[in-house]
Amino acid sequence: MNYLLTNQNRFEHIPYPSPSHPNATVKSGGCGPCAALMVVENLTPSRYLMKDWIAWVISTGARVSGGTDMGKLARAMAAKFGFALKTTDSEAELAAHLKAGGMAVANVGS
């Protein structure tokens with residue numbers, strides 16, 4: 001399983017600017033895109049350099065002032081990679097999905 005640490009110094013040089021944080025980097029604001037990239041790299045044969053992934057994330061319009069619009073990013077990923085997408089508040093539904101081999105990103109921001 002591929003695992004990315006968003007606080008690693010190796011990502012502080014990759015810009016991830018937003019209207020309210022023009023100097024933000026992947027290290028300071030890229031937890032959503034890193035979680036999303038872990039899903040992509042663990043469910044598909046696709047591999048991305050972080051700078052290329054971040055450029056794609058920005059191109060989707062998912063980068064917003066408060067962070068990343070994970071709904072918008074998830075819809076873009078579903079379209080690009082053919083993922084089924086569902087949101088839920090049900091722990092049982094999540095557990096069944098994970099048990100069946102699926103992956104999830106817990107969006108604790110909203």
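Predicted model: local features only at pLDDT ≥ 70, side-chain atom pairs only at ≥ 80, totals over all residues.
Helix H2 (residues 31–43) and helix H4 (residues 70–81) approach each other with their axes within 11 Å and a crossing angle of roughly 25°. Because angles under 35 degrees count as roughly parallel, H2 and H4 are therefore described as roughly parallel to each other, and H2 passes H4 in a right-handed crossing. On the H2 side the contact is formed by Gly32, Pro33, Ala36, Val39 and Val40, and on the H4 side by Met70, Leu73, Met77 and Phe81. Of these residues, eight are nonpolar and one is polar, while none is charged.

The packing of H2 with helix H3 (residues 50–59) has an angle of about 110°, with the axes 11 Å apart, and H2 and H3 are therefore roughly perpendicular to each other. In this contact, Pro33, Cys34, Ala36, Leu37 and Val40 of H2 meet Met50, Trp53, Ile54 and Val57 of H3; the residues comprise nine nonpolar, no polar and no charged.

Within H3, the buried residues are Met50, Trp53, Ile54, Trp56 and Val57, and since they cover an arc of only 160° around the axis, they lie on the same side of H3. An α-helix has 3.6 residues a turn, so residues three or four places apart point the same way. The cover over the buried residues of H3 includes helix H1 (26–29), H2 and H4, whereas Lys51 and Ser59 are exposed on the other side of H3. H3 is followed by Gly61, which has a positive phi near 85°.

Notes
Residues numbered from 1 in each chain as written. Heavy atoms only, no water. Axes fitted to C-alpha atoms, helices over the stretch in contact; angles between N-to-C directions. Helix = DSSP H or I, 4+ residues; strand = E, 2+ residues; numbered from the N terminus. Parallel < 35°, antiparallel > 145°, perpendicular 65-115°, else oblique. Left-handed = near helix turned anticlockwise from the far one by under 90°. Contact = heavy atoms within 4.5 Å. Nonpolar A, V, L, I, M, F, W, Y, C, P; charged D, E, K, R; others polar. Buried < 20%, exposed > 50% of the residue type's maximum accessible area, 1.4 Å probe, protein only. Arc of directions from axis to C-beta.
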